[in-house]
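This briefing goes through one protein model, topic by topic. Please look at the sequence and the structure before reading the points below.

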Amino acid sequence: MRLERVEKVFDVRRRTGFLRSERRQVRAVDSISFSVARGEMVGYIGPNGAGKSTTIKMLTGILTPSGGRLRVAGIDPSRERTRLARRIGVVFGQRTTLWWDLPLIDSYRLMHRMYRVPDARFRENLDRCVELLELGALLDVPVRQLSLGQRMRGDIAAALLHDPEVLYLDEPTIGLDVVSKAKVREFLRDLNAERGTTVLLTTHDLQDIEQLCSRVMVIDQGRLMYDGPLTGLHAVGDSERTLVVDLERELPPIRTPDARVVRVEGPRQWLAFPASRSAAPLVAQIAAEYPVVDLSVREPDIEAVIAKMYAGQLERTLS
Ligand SMILES: Nc1ncnc2c1ncn2[C@@H]1O[C@H](COP(=O)(O)OP(=O)(O)OP(=O)(O)O)[C@@H](O)[C@H]1O
């Protein structure tokens, strides 16, 4: 999958009076370039309205880019949308591709014919999905009677019956309980490892990213702000780690030039220090000067890092 300076501009008309309206352009995707290698599993994240869905819609061929060049499995999506449809799978967590009133199995049978999947391959893929996504007891249930988690597993199976090389997932765990989330993540991890399916994952749940993707791209206001390993986000976000120190007794805040005390509760103190720095010298200094009973280091909260990035930190770091 390769994007070169891809743009999408929407013309929006806004009513300003009874007969008057104003035309405005929204640059939803602004000169984005990236490539995703076969078998990679990449997170694509950003705040609401950042341009994630618009990117995915261009990658499926639903929307035509206003500029730039785009290829998925060697295909120009908007020119050859039907040919591409046989090579990709899409799951939009917010809406289903299944037929609401039909039992799950009937939707699958329809897809079998629509995508012209060879019988043996369809059977094999269906059996695998039914087993791993625990759909056996649900196949004869109309989709409208399924719970959200069951429906999502049903949708994921539907996206995979034709063996796509590339899978786009837009909020695949939205609204699911902890157990269903874990099941979906485990399934996706196995799929990627066993079949080498390329996955582009959009989510607001950063645990999805932490557990599934070693690479993450961050988009904001249509622009790509970060592309790299998840761990790099900590450094780029210039975030802090926390050293939790248990002292023998209640003492005044620890004084050290390398960290600052952010909280004190009885004999326990929390010290913030830059995530990019090693904790060892700090730990050594405190252990030498204070009656320490226990120490632990807490990693930065990625959500806080990203919130900071959106506050403009990243732009400053990069410029
Ligand atoms: N069909 C459209 N016509 C006009 N503007 C649009 C259209 N689709 C999207 N936009 C605008 O483009 C921008 C990007 O929207 P997009 O849906 O891609 O964001 P997103 O990152 O997917 O957000 P969310 O996380 O809320 O789903 C927004 O400002 C949105 O209002």
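A strand, as the word is used here, is a DSSP run of E with at least two residues, and strands are numbered from the N terminus. Arg5 is found in one of them, strand β1. The model is predicted. The protein is divided into domain 1, residues 2-234, and domain 2, residues 240-299.

**Domains**

- The centres of domain 1 and domain 2, taken over C-alpha atoms, are separated by 43 Å.

**Surroundings of the ligand**

- The residues that surround the ligand include Phe10, Val12, Val26 and Ala28.
- Also among them are Gly46, Asn48, Gly49, Ala50, Gly51, Lys52, Ser53 and Thr54.
- Two or more residues of this shell come from each of β1 (2-15), β2 (21-35) and α1 (52-60).
- Helix α1 gives the largest share, three residues.
- By type, the shell holds five nonpolar residues, six polar residues and one charged residue.

**A four-stranded sheet**

- Four strands form an open sheet with antiparallel pairing, in the order β11-β12-β10-β13.
- Strands β11 (260-265) and β13 (292-298) stand at the edges with a single partner strand each, so one side of each has no neighbour in the sheet.
- On average, neighbouring strands of this sheet are turned by 20 degrees against each other, with direction ignored.
- Strand β10 (residues 240-247) and β13 run antiparallel and are joined by six bridges.
- Leu247 has Val292 of β13 as its bridge partner, and Val244 stands opposite Ser296 in β13.
- How many of the seven residues of β13 are buried? The number is zero, so β13 lies largely in the open.

**Residues with positive phi**

- Arg5 is not a glycine, yet its phi is positive, at about 45 degrees.
- Is Arg5 buried, exposed or partly exposed? Within 10 Å there are 13 other C-beta atoms; a residue counts as buried at 20 or more and as exposed at 12 or fewer, so Arg5 is partly exposed.
- Gln221, also a residue other than glycine, has a positive phi near 45 degrees.
- Gln221 is placed in the loop between β8 (215-220) and β9 (223-229).
- Gln221 has 15 other C-beta atoms within 10 Å, so Gln221 is partly exposed.

Terms used
Residues numbered from 1 in each chain as written. Predicted model: local features only at pLDDT ≥ 70, side-chain atom pairs only at ≥ 80, totals over all residues. Pairing = 2+ DSSP bridges. Axes fitted to C-alpha atoms, helices over the stretch in contact; angles between N-to-C directions. Near = placed C-beta within 6 Å. Nonpolar A, V, L, I, M, F, W, Y, C, P; charged D, E, K, R; others polar. Domains from an automatic or database assignment.
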